Amino acid sequence: MKFIVYNVRDDEIPFIEKWGKDHGIEVKYTTTTLNQETVEEAAGFDGVSCLQTIPYSAELFESFKKMGIKYLSLRNVGVDNIDLPAAKENGVRITNVPAYSPESIAEFAVMMSLYLSRKVGYMRQQLDQKHQFHFSPNFMGRLMSEQTVGVLGTGRIGRAAIKLFKGLGANVIAYDKYPQKTTDESFVYVKSLDDLYNQSDIISIHMPATEDNYHQFNHEVFEQMKDTALLINTARGSIVDTDDLMYALQSGEIAGAGIDTIENESADLQDSRSTKQVTNPDVLKLSMMPNVLITPHSAFHTSEAVKNMIDISLGNLEMMMSGKTPADLVD
């Protein structure tokens, strides 16, 4: 039994080496991104662990079949870029890690909300662009306890975010197509998305990307939202129409945005060794706005999360190789 781990970041290496040693299993790792050109590196291995950052095509799974590889274990949640029917057709079983650390992403969403609520971007702009360092009436922010936070998606991450927002005194409302049976009186479900858009001072997105929610946040929705509202997206970039968001921020339809996920993310985004200069015009424009906090898909990134991603992903491969069915099997 031996595994290969693709898309490895430097911070993952100690956890990979420890897992292999603890379990007595040979684990090779590479910084290479898994794709059709690099799949040959997996020759002779029983299972593959990787990060889902780019589309995994039918051609890739055909290569898996030719090489006799039956197991692919993702170290993250998303499966929206994977040709699942092709994987099944070629006999490749796939697992993911649906809950490596909900608190990590939830804390990041709250951090973004506080940064924007307290106008820190405007303070940084004063210092960075004007080289001034003094109080300004324009820096006046809002307490979290003054605001209604709308949480969109009440799965593990959404519920962790609700707990934190509630702890800061916010009034929390939520919407989910499949609501929890109980809310523990920490929040209330609104009847419709329109209610969430209209009532929220902060909207924090915590749902997976689906065909139904592609560009759910568009010009029409931004017009519905309060002009003082903040949008926080630590979920998936495809949920927000970037062009419409840019217009909403520049025109004053909404007051600010925290963006950890962007549309059409490249594999380079997760390459910790990359020295490439940013050329994405949307990222450059957003980074210059004082009412925006944009980060490179890093909300998950804590030591606990990285350890769990490695342990669960490799553990799922071991289970499948042993003839067991992991709870994280993706149908």
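In this predicted model, valine 97 lies in the loop that runs between strand β5 (93-95) and helix α4 (102-117), where helices (H or I, at least four residues) and strands (E, at least two) are DSSP runs numbered from the N terminus. Valine 97 is buried, its relative accessible area being 1%; a residue counts as buried under 20% relative accessible area, as exposed over 50% and as partly exposed in between, with a 1.4 Å probe and protein chains only. When residues up to four places away in sequence are not counted, valine 97 touches Leu74, Arg75, Asn76, Val77, Asn308, Met309, Ile312 and Ser313, a contact being defined by heavy atoms within 4.5 Å.

Residues are numbered from 1 along each chain as its sequence is written. Because the model is predicted, local features need pLDDT of at least 70 and side-chain atom pairs count only at pLDDT 80 or more, whereas totals for chains, interfaces and linings use all residues, and side-chain values use heavy atoms, with hydrogens and water left out.

Helix α4 itself contains serine 113, which is buried with a relative accessible area of 0%. Leaving aside residues up to four places away in sequence, serine 113 touches Met144, Phe165, Ile202, Leu230 and Ile232.

In helix α9 (residues 242-251), the buried residues are Thr242, Leu245, Met246, Ala248 and Leu249. These residues cover an arc of only 165° around the axis, which puts them on the same side of α9, the arc being that of the directions from the helix axis to the C-beta atoms. An α-helix has 3.6 residues a turn, so residues three or four places apart point the same way. On the other side of α9, Asp243 and Gln250 are exposed, while the buried residues pack against α8 (219-224), β10 (230-233), β11 (256-259), α10 (281-287) and β12 (292-294).

Taken as a whole, the chain has 11 helices and 13 strands. Its radius of gyration is 21 Å, close to the 20 Å that the globule rule gives for 331 residues, so the chain is as compact as a globular protein of that length; the radius is taken over C-alpha atoms, and the rule is 2.2 Å times the number of residues to the power 0.38. Buried residues make up 49% of the 331 residues, and among the contacts with a separation of 6 or more, 69% join residues 24 or more positions apart.
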